[in-house]
Structures are given as C-alpha cells and as structure tokens.
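Let's take a walk through this model together, starting with a few side-chain pairs and working out to the whole chain. Keep the structure open as you read.

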Amino acid sequence: MGLLDALRDFSLLTWLREERQSRKLILFIVFIALLLDNMLLTVVVPIIPSYLYTVDDEASTAVRNHSVSSQSPSGTFQTIVSLYDNSTRLTNLIPQVSTPGVTLPPTLTPAPNDSDCPKADKQLLNENVKVGLLFASKATVQLITNPIIGPLTNKIGYQIPMFAGFCIMFLSTIMFAFSSSYVLLFLARSMQGVGSSCSSVAGMGMLASVYTDDEERGNAIGIALGGLAMGVLVGPPFGSVMYEFVGKTAPFLVLAVLAVLDGALQLFVLQPSKVEPESQKGTSLLGLMRDPYILIAAGSICFANMAIAMLEPALPIWMMETMCSRKWQLGVAFLPASISYLIGTNIFAVLANKMGRWLCSLIGMLLVGISIICVPFAKNIYGLILPNFGVGFAIGMVDSSMMPIMGYLVDLRHVSVYGSVYAIADVAFCMGFAFGPSAGGAIARSIGFPWLMTIIGVVDILFAPLCFFLRNPPANEEKMAILMDVNCSMKTRSYSTQGSSYQMGDDMDLDSPE
C-alpha cells in the first residue's frame, strides 16, 4: 500500500509538472488567492466592532472603578461618631441621617439595564470612527502600493509578486490572530493591504495575459471574481460564529493554514524565483489614467464598492444600537449580500458580453443606489435580507462587467500589457474601501446611519449614466491605422463590442500560451 500511495503521489506531481503552464491551473491559483484575501478582508467585519467595543468598555469600567476607590477615603463621605449614643452620622450625603453602628455609603453602580444591547452613548458612536479607520487602513496602503506593483509586474513578471503577496498575507493573518490592542490590529490590517495589492494586481494581469480572447477573458475573470465572492460570502458568518463560540484567534488560524496550502501550490506551479519580463513595453500608468474610458470604468468599480465599504463598519454598530443583535448576527447580516454577489458575478460573466457590458454596469449602479438607500428602513435582521441581497447582486454586475472591460480597453486603445491597467482597477477598488469606511464612520457619527446610506446611494445613481460612454469606445488612432491597412499581412484577432468588430494584430497582443 505504501508503494501504491507513493506511485499515486508521483503521478500527481507529474501531472502538476506537465500542467504547469495550463491556463486552468493558473486560473485556479488566482481563484484561491482571491478567496483567501477576501476571507481575511471580511472575516474581521463582525469581529472588530464587537471586540473593540468590549475592550474599550472594560477599560473605561476599570478606570471608573479605580477613580471611585481612590476618592472614597478622601472624605467624600465623612463620618462623625456621637459620644452621646455611640452612633455614627454621615455628612455630605443626606443631612442628619443617623443609624446605630456604622452606616455604609450607598453603592455608586448604576441600575441594571434590562436590555443587553449597548446604549447609543458617546463610546459606541466613537467606535464608528475607530472601526472605520481600521478598516480603511488596508485599502489606503493598497492604494499607495498598487502604482508600484503594476509597473513592477511589467519588468519582472507576475509570479514573484504573486508569491510575495502570499507571504505578506500569511504574516498579516498571524498578527490578527494574536493581536489584542488597536495599534497591532491596525498594523495587521495595513500589512494586509500590501499583500492584497501583490495578489490582486499580479493575479488579474496574469489572467488577462493568458486569456487573450475577449470573451474567454471575461469568463475567466468572472470565475476569478467568484473566488472573491466566495471569500466575501464565507468571511462574515464564519468570523462571527467562530468568534462567539470559539474565540477571536480561531478563525485567523484556520485562514493561516489555508494560506500555507495556497503558497505551496504557487511555489510548485508558478516557480516564483524566475524573472519573466513582458516582451513589449506597455503604456505608462499616467498614460492609462489619462484615458477617459478607463477612468469611467474605474469610477464604476470605485463607487459601487464604496457602498458596501461604508456598510461594513457602520451596519454592525447600527445593529448593536437599534436591534440588540448578538455577535453571530453581526456577520450573518452580510450573508445575503455575499450570496447574491457570488450569483451576480457568475451570471453576468457570460451574460454581460451578450447584453453589453456598459448596459450591465449601468443597471448595476442604479440597483446599488436603490438597494443601499433601503437598508436603514429595516427594523430587524430579517428586514436586511432584501436590500443587502440587492446590494451584493448589483456590485457583482458591475465588477464582472468592468474588470474585463479594463483589459479590453487596453487591447483596443493601448499596448496589450495588463499589469498597469489592473493596478488602476485595483486602485479604484481600494479608493472605495479606503474613503468609504473612514468617511462613512465620521458621517454616521455626525448625521446618522440613514443619511450615510442615502448619500452613497444618490452618488451611485448619479454616476450610472456615465456608463453609456462605454457602449462603443473608439480605438486608438495608431491601432486604427493598422486595422485599416489592407496591405498588412499580419494574422488578426477579433474583438467585438456592441456589433462592431476590430481586427487586432498579433504583434500587438501577447501570444496565447496554449
């Protein structure tokens, strides 16, 4: 049996070695990397607000108890012993109260509260800002790192940044597991931003380079976004249930073990020690950012994801304040959004190419705005099901439409090198998750959670009509000259948009590895 098992292992290793350059295996690696990244991103959503509130409440209680104990001997309650009837009188409390023996001062503890939910006091409102800043730190660091990682992949290839992202994510997960202070949690969240930048930019660029056909690329990116969706789906309920019944450390240790398995697969398949620069020089990052069509696509990604980014830190605190929700409910409330995001990305990865990605994104932006405005009308956790489902489904429509469009726009209007354009896409995603929680926490504290949802909902609805400009984007003049050159003998590849087709020369694209 031992020899038979050894032969099976050998055959598996042989298969992996032979399939190392397989597009499906690369897609699987990117899928797993995005899954773990977004599980770590969302597993903290139900844990951190409750954990920080508990830590701060215990600290403030300890301070109050210490101040009471230090003030008691100072003469706040003065006693006078009567030599006439051997009784003790208290002064500075209730005048002329006399009891036989020694009278104890009344307790200073407040009356017990019949409800278990936190009061809407200053401490709870301040948690909005602290939690918002902590959540935003990851996206802020990722925002800074992306413009570095994008051009770097053009020079050294996608494999090394992908593996570096795994290493940093693993360290961040371990820090989350054993950190007990706000500062260490903030540092762990920030470190995650660097790892996430490496994984997402390199992963999406790798997929765009091996799936050169526009329709195939859309399907592949839709599957990869399914990994992102599954991470978002599993993270909050997994974190809330593990936190309540096992403890804060447990969910992060489970993620650390899964990350090690993913790192071993990357090490064997991608061989991250090899430097593989792109065969041609891509358009500069600034050149891509000056393209208005790329900016519209990036804006759709940013504002759609900003809605859920504002919802993540503010909704648990609002539920604690208005619904007396238990810890496990804080994560389960996001379950409809996660499930519908998974459904949306898989359906519209194929359907968006047929109905028009611009139209799919436009409808998605409108649906995000309407759904997010309806969230504050919920009176209990069941009332959150429909609006959260709509939010997740609509964001799935936008992401599965706009991510392939970013690669398509580079093929159509620039040089077909994808690291920088997916750095821009990730920057847009991060701007939503950086500005959303930090500004959302402050807005929720100042004018309330309902107004916060109304503001971001209106912004999404107003931005939606801009997606119409992506209906038929013009090709770059230089590429149009190539397309119109009848004497050009190059082999061509077709890219279609809304009934129009463009013939792209193979020397303008990367060769498919198949």
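R23 and E216 meet through their side chains in a salt bridge, with 3.2 Å from N to O; the term stands for a side-chain nitrogen of Lys or Arg within 4 Å of a carboxyl oxygen of Asp or Glu. R23 sits in helix α2 (residues 23-43) and E216 in helix α7 (residues 214-245), so this pair ties together parts that are 193 residues apart in sequence. Helices here are DSSP runs of H or I with at least four residues, strands are runs of E with at least two, and both are numbered from the N terminus. How covered are the two partners? R23 counts as buried at 10% relative accessibility, while E216 is partly exposed at 35%. The cut-offs are under 20% relative accessible area for buried, over 50% for exposed, and partly exposed in between, with a 1.4 Å probe and protein chains only.

Before going on, a word on what you're looking at: this is a predicted model, in which local features need pLDDT of at least 70 and side-chain atom pairs count only at pLDDT 80 or more, while totals for chains, interfaces and linings use all residues. Residues are numbered from 1 along each chain as its sequence is written, and side-chain values use heavy atoms, with hydrogens and water left out.

How many salt bridges are there by this rule? The count comes to three. Another of them joins D411 to R217, whose closest N and O atoms are 2.7 Å apart. D411 lies in helix α14 and R217 in helix α7, so this pair ties together parts 194 residues apart in sequence. Both ends are covered: D411 is buried with a relative accessible area of 0%, and R217 is buried with 1%.

Then there's R413 with D291, a salt bridge of 2.8 Å from N to O. R413 belongs to helix α14 and D291 to the loop between α9 (285-289) and α10 (292-322), so here the linked parts are 122 residues apart in sequence. R413 counts as buried at 15% relative accessibility, and D291 counts as buried at 3%.

Now have a look at α14 itself, which covers residues 385-413. It is mostly covered, with 26 of its 29 residues buried. Its end C-alpha atoms are 42 Å apart, in agreement with the 42 Å that 29 residues should span at 1.5 Å a residue; the expected span is 1.5 Å times one less than the number of residues.

F389 is found in this helix too, and it is partly exposed, with a relative accessible area of 32%. Together with I339, I343, I347 and L351, F389 forms a nonpolar patch on the surface, with about 370 Å² of accessible area in all. Patches are made of residues with over 30% relative accessible area and no salt bridge, with like charges joined within 9 Å and nonpolar side chains (Val, Leu, Ile, Met, Phe, Trp, Tyr) within 5 Å. Accessible areas come from the Shrake-Rupley method with a 1.4 Å probe, and for residues only the protein chains shown count as cover. Which helix gives the most to the patch? That's α12 (residues 335-355), with four residues.

Next stop, helix α4 (residues 122-156), where you'll find N146. N146 is buried, with a relative accessible area of 0%, and its side chain makes a polar contact of 3.2 Å with that of D426. A polar contact is a pair of N or O atoms within 3.5 Å; within protein, one must be able to donate a hydrogen and the other to accept it, and residues adjacent in sequence count only if both atoms are side-chain atoms. Leaving aside neighbours within four places in sequence, N146 is in contact (heavy atoms within 4.5 Å) with P151, S197, V201, A423, D426, V427 and C430. T153 is also placed in α4 and is buried, with a relative accessible area of 0%. Its C-alpha atom is 8.4 Å from that of V201, 48 residues apart along the chain.

Helix α8 (residues 249-269) has 21 residues and reaches 31 Å from its first C-alpha to its last, close to the 30 Å expected. Its buried residues include F252, L255, D262 and Q266. After α8 comes Q271, with a positive phi near 50 degrees.

Finally, step back to the whole chain, which has 17 helices and five strands. Of its 514 residues, 53% count as buried. Among contacts with a separation of 6 or more, 82% are between residues 24 or more positions apart.
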